[in-house]
Amino acid sequence: MLKKFRDFIARGNVMDMAVGVIVGGAFKEIVNSLVADIFTPVISLFTGGVDFSTLHWVIRATEKLDEAGNVVLDEAGNAVIETLTVNYGAFIQNIFDFLLVAICVFIFVEVAQTLRTRAEALDKKKAEEEAAVAEPEPEKPSNEELLLTEIRDLLKEKNS
């Protein structure tokens with residue numbers, strides 16, 4: 001059993017997956033920072049600094065009661081109110097956050113693909129240049145060889 005587990009862990013795809021998870025976790029921090037520290041402040045300029053996460057709809061508000069059925073009071077002597085709310089603002093904020101993260105990931109993927117494409121093009125160009133240098137063009141026949149070839153062809157025609 002231990003040998004099977006060791007073989008499983010040592011397989012390449014398990015190690016690749018582990019590396020992917022670790023790098024993905026670090027990448028998540030980069031994307032979250034980009035969204036929270038750069039995009040969100042810029043977007044708040046356009047939305048007037050509205051924090052959607054605080055928007056809610058109160059379904060029911062009642063005074064909090066203790067075990068004896070008495071109204072619970074806060075330190076100032078006011079009744080503590082329990083509310084049942086639908087927090088639609090948090091949902092809206094999560095949608096914006098998702099869209100911002102999706103945009104960031106899209107941008108990162110596009111930049112990575114562009115860089116990869118350019119690197120492959122440079123590698124291909126370099127390989128073609130090396131191949132051109134490695135295969136010198138065949139030497140052209142000298143004028144004497146061309147003249148001898150012409151004489152040979154004429155003699156063949158005459159004898160035919």
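**Salt bridge, pocket and confidence**

Modeller: Asp153 counts as partly exposed, because its relative accessibility is 35%. Keep in mind that this is a predicted model.

Colleague: Which residue forms a salt bridge with Asp153?

Modeller: Arg152 does. The closest N and O atoms of the pair are 3.3 Å apart.

Colleague: And is Arg152 buried or exposed, or in between?

Modeller: Arg152 is partly exposed, with a relative accessible area of 44%.

Colleague: How many salt bridges does the structure hold?

Modeller: One. In general, side chains of opposite charge can pair when their charged atoms come close.

Colleague: Which residues line the largest pocket?

Modeller: Thr40, Ile43, Ser44 and Thr47 are among them. The lining also includes Gly49, Val50, Asp51 and Phe52. Gln93, Phe96, Asp97 and Leu100 belong to it too.

Colleague: How do the residues of that lining divide into nonpolar, polar and charged?

Modeller: Five are nonpolar, five are polar and two are charged.

Colleague: Let's pick Gln93. Where is Gln93 found?

Modeller: In helix α3.

Colleague: Why does Gln93 count as buried?

Modeller: Its relative accessibility is 18%, and buried means under 20%.

Colleague: What is Gln93 in contact with, leaving aside neighbours within four places in sequence?

Modeller: Asp51, Phe52 and Ser53. Asp51 and Phe52 also line the largest pocket, as does Gln93 itself.

Colleague: New topic, Val14. Which helix is the place of Val14?

Modeller: Helix α2. That helix also gives two or more residues to the lining of the largest pocket.

Colleague: Is Val14 buried or exposed?

Modeller: Val14 is buried, with a relative accessible area of 14%.

Colleague: What does Val14 touch, not counting residues up to four places away in sequence?

Modeller: Phe8 and Ile9.

Colleague: Last thing, confidence. What is the mean pLDDT of the protein?

Modeller: The mean is 84. Of the residues, 98% reach 70 or more.

Colleague: Where is confidence lowest, and where is it highest?

Modeller: It is lowest in helix α1 (residues 2-10), at a mean of 79. It is highest in helix α4 (residues 143-159), at 88.

Technical notes. Residues are numbered from 1 along each chain as its sequence is written. This is a predicted model: local features need pLDDT of at least 70, side-chain atom pairs count only at pLDDT 80 or more; totals for chains, interfaces and linings use all residues. Side-chain values use heavy atoms; hydrogens and water are left out. On a 1 Å grid over the protein atoms alone, a cavity is a set of points where a 1.4 Å probe fits but cannot get out, and a pocket is an open set with protein on both sides within 12 Å along at least five of seven lines; lining residues have an atom within 4 Å of a point. Helices (H or I, at least four residues) and strands (E, at least two) are DSSP runs, numbered from the N terminus. Ala, Val, Leu, Ile, Met, Phe, Trp, Tyr, Cys and Pro count as nonpolar, Asp, Glu, Lys and Arg as charged, and the others, Gly among them, as polar. Buried means under 20% relative accessible area, exposed over 50%, partly exposed in between (1.4 Å probe, protein chains only). Contact means heavy atoms within 4.5 Å. pLDDT is the predictor's confidence in each residue, from 0 to 100. A salt bridge is a side-chain nitrogen of Lys or Arg within 4 Å of a carboxyl oxygen of Asp or Glu.
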